[in-house]
Amino acid sequence: MSGTSRAWTLRVALVGVPLMFIALAALQRRLDSQALSEAMQNEDLVLRSPSLVKKLSLGYDALLADIYWTRAVQYYGQRIGDAHTKFDSLGPLLDIATTLDPKLIVAYRFGAIFLSEPRAVGAGRADLAVNLVQKGIEANPDQWILNYDLGFLYYWRLKDYPKAAQVYAEGGKKPHAPLVMTLMAARVAQKGNDLETSRMIFLQLYESSRDKNVRKMAMRELRALKAQEDEMHLDEIIQDYTRRFGHYPVSTKEMVQAGMLPFEPVDSIGFPYVIGPDGKSHLNPDSPVEPDAEKPLQIPQINP
Amino acid sequence: MSAMPGIVAINTFREAVRDRVLYNLIFFALLMIGAAVFVGQISIGIERLVIVNLGVSAISLIGLVMAIFIGVGLVYKEIEKRTLYSLLAKPIRRWQFLVGKYAGLLLTLLVNTALMTVGLAGALYYVGRPFVRADVSILIAIYFILLELALVTALALFFSCFSSPMLSTLFTLGIYITGTFANDIRSFGDFTKNRAIQAMTRVIYYMLPNFHNFNAIAMAGHGEAVPFALVLQNTLYTGLYAALLLVAASAIFSHRNLK
């Protein structure tokens with residue numbers, strides 16, 4: 001090959017190769033736009049069986065789990081905010097990721113949020129989220145944090161307070177579980193009007209704890225529970241009174257005088273209950289007892 | 001014992017270095033840097049896990065490719081280049097040559113794996129994580145990979161004693177894949193309830209190298225303790241199986257007509 005010919009070939013290569021790369025990139029962009037729109041419409045997962053994917057991973061299941069989890073995050077991220085998306089592949093993606101690596105706690109935790117959030121923000125499938133976290137608890141029985149998440153799902157999304165209280169209580173017994181689990185169990189039971197369970201948990205906490213602050217808090221909650229119970233009972237008697245006399249009683253004293261109460265009822269500190277204009281009993285405004293289950297739970301500072 | 005296998009091993013290692021085999025470390029380094037920088041941006045809560053899983057899996061995959069593709073050419077190349085004839089004219093037995101070649105490739109894999117482990121430690125340090133006692137499980141997972149590579153190398157060397165590199169690659173890869181499914185083969189036999197099939201699958205199960213034993217990547221990722229008994233048993237298993245393959249390879253190679 002002559003020198004001129006070699007130089008000519010070099011010039012063609014120097015110009016031609018970058019040009020061809022630019023042409024290829026442009027072509028690929030067109031292909032990508034088609035493929036992306038198809039993928040958005042079709043949302044298909046080639047392999048939907050978690051066990052099959054695990055078999056095919058040839059021992060690299062941990063790495064593949066990370067890839068599937070990242071895919072789930074990307075899948076969710078691309079569709080969030082789209083009211084028409086059903087997030088159909090989100091459940092299977094999370095199922096595969098957690099089958100490949102059953103200890104991938106982050107996938108259970110965030111996956112449950114993605115699944116349970118209402119439509120447009122999430123899949124609106126609290127049932128699938130519950131299944132996912134239950135699968136996580138089975139695979140990781142020592143992880144109290146998954147009980148915390150499951151309790152939250154029952155409490156917040158499904159409004160199943162007894163179940164939430166049970167899940168929190170189970171989590172509270174696990175190694176390194178913080179006190180908040182037990183407190184949540186009691187508080188959620190209280191919220192679901194299961195006062196007996198709530199009282200049992202707070203009483204057990206009061207008796208078993210040596211910490212001054214925890215005991216103080218448990219006592220406060222026990223007093224509040226007693227007040228809640230008294231009020232429920234009083235409200236029933238007020239209803240009878242109203243039926244009988246055609247108006248609400250003004251005070252509990254009036255009910256004693258009518259022979260509907262043997263004595264004037266007082267809270268655990270000794271303050272008599274009051275009756276509001278709505279015909280419902282309430283704690284005396286001067287009473288230091290804090291009864292409201294709606295108020296945020298005050299977690300005591302535990303001394304080491 | 002003769003020093004011949006040692007001399008062959010050192011030369012095999014030098015040859016591998018001359019052949020730029022260790023260039024794969026550049027790829028590994030880029031992979032680790034990429035993972036350390038980008039994973040946090042495309043996923044949630046698994047930065048450290050990905051670094052460990054990706055790093056250890058890459059060590060395993062790169063090692064496997066090296067063990068198979070270099071392993072199948074260990075003997076073939078010497079015959080093809082006719083360097084084997086001058087070598088065997090010296091006071092060296094054929095089995096010593098094989099053991100030397102095997103040890104040389106193992107040394108190459110050991111150096112390569114050690115350097116990749118340093119790279120993995122660097123990536124973990126970059127993602128801002130102090131090293132803790134549980135990280136020992138990462139080192140054990142990498143040790144298991146080395147054991148796995150020792151077995152694969154022995155397999156590749158065994159096949160290369162009587163077949164071409166292409167066929168040896170297929171055989172080694174086939175045995176490796178089947179070996180990862182060893183537990184499923186046994187379960188399949190148990191599932192059929194047929195005594196003959198059960199017996200057959202059990203024989204296959206015990207004859208195949210069980211690569212499932214060496215998978216501790218997930219344990220390393222989660223910092224779980226690997227039982228010491230497993231380390232001991234896997235070491236013994238690899239030693240026995242590799243010895244078996246080397247003895248068989250030596251027997252075949254000793255009787256091979258090299259004319």
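Residues are numbered from 1 along each chain as its sequence is written, and chains are lettered from A, with ligands numbered from 1, in the order in which they are written. Because the model is predicted, local features need pLDDT of at least 70 and side-chain atom pairs count only at pLDDT 80 or more, while totals for chains, interfaces and linings use all residues.

Chain A comprises 12 helices and 2 strands, where helices (H or I, at least four residues) and strands (E, at least two) are DSSP runs numbered from the N terminus. Along the sequence these elements follow the pattern α-α-α-α-α-α-α-α-α-α-α-α-β-β. Of the 304 residues in chain A, 35% are buried; a residue is buried if 20 or more other C-beta atoms lie within 10 Å of its own, exposed if 12 or fewer, and partly exposed in between, with C-beta atoms placed from the backbone. Two residues are in contact if their C-beta atoms, placed from the backbone, lie within 7 Å. Among contacts in chain A between residues at least 6 apart in sequence, 50% join residues at least 24 apart. The domain assignment, which is automatic or taken from a database, gives chain A domain 1 (45-140) and domain 2 (226-304). The C-alpha centres of these two domains of chain A lie 49 Å apart.

Confidence is expressed as pLDDT, the predictor's confidence in each residue, from 0 to 100. Chain A has a mean pLDDT of 82, with 89% of its residues at 70 or more. Among the elements of chain A, helix α1 (residues 3-42) has the lowest mean pLDDT (75), and helix α6 (residues 126-139) has the highest (94). Over residues 293-304 of chain A, pLDDT stays under 50, and the model has 22 contacts for this stretch beyond four places in sequence.

Helix α6(A) has 14 residues, which at 1.5 Å a residue should span 20 Å, and its end C-alpha atoms are 20 Å apart, in agreement. The expected span of a helix is 1.5 Å times one less than its number of residues. The buried residues of α6(A) include Ala126(A), Leu128(A), Val133(A) and Ile137(A). Among the elements that cover the buried residues of α6(A) are α4 (90-100), α5 and α7 (144-157) of chain A.

Most residues other than glycine have a negative phi. Leu58(A), in the loop between α2 (50-56) and α3 of chain A, has a positive phi near 50°. Leu58(A) is partly exposed, because 17 other C-beta atoms lie within 10 Å. His176(A), in the loop between α8 (161-172) and α9 (179-191) of chain A, has a positive phi of about 65°. With 8 other C-beta atoms within 10 Å, His176(A) is therefore exposed.

A nonpolar core is a set of buried Ala, Val, Leu, Ile, Met, Phe, Trp, Tyr and Cys residues joined through C-beta atoms within 7 Å. The largest has 130 residues, and those touching the most other members are Ala72(A), Leu90(A), Ala97(A), Val133(A), Ala185(A), Ala141(B) and Leu157(B). Helix α7 (residues 136-160) of chain B gives the most to this core, with 17 residues. Leaving aside residues up to four places away in sequence, Leu90(A) touches Ala72(A), Tyr75(A), Tyr76(A), Phe114(A), Leu115(A) and Ala123(A). A second, separate core of 5 residues includes Leu234(A), Tyr241(A), Met255(A) and Ile275(A).

In chain B, Lys101(B) lies in helix α6 (residues 94-126). Lys101(B) counts as buried because it has 26 C-beta neighbours inside 10 Å. Beyond four places in sequence, the contacts of Lys101(B) are Val8(B), Thr12(B), Leu74(B), Val75(B) and Leu157(B). Helix α3(B) is mostly covered, with 20 of its 25 residues buried.
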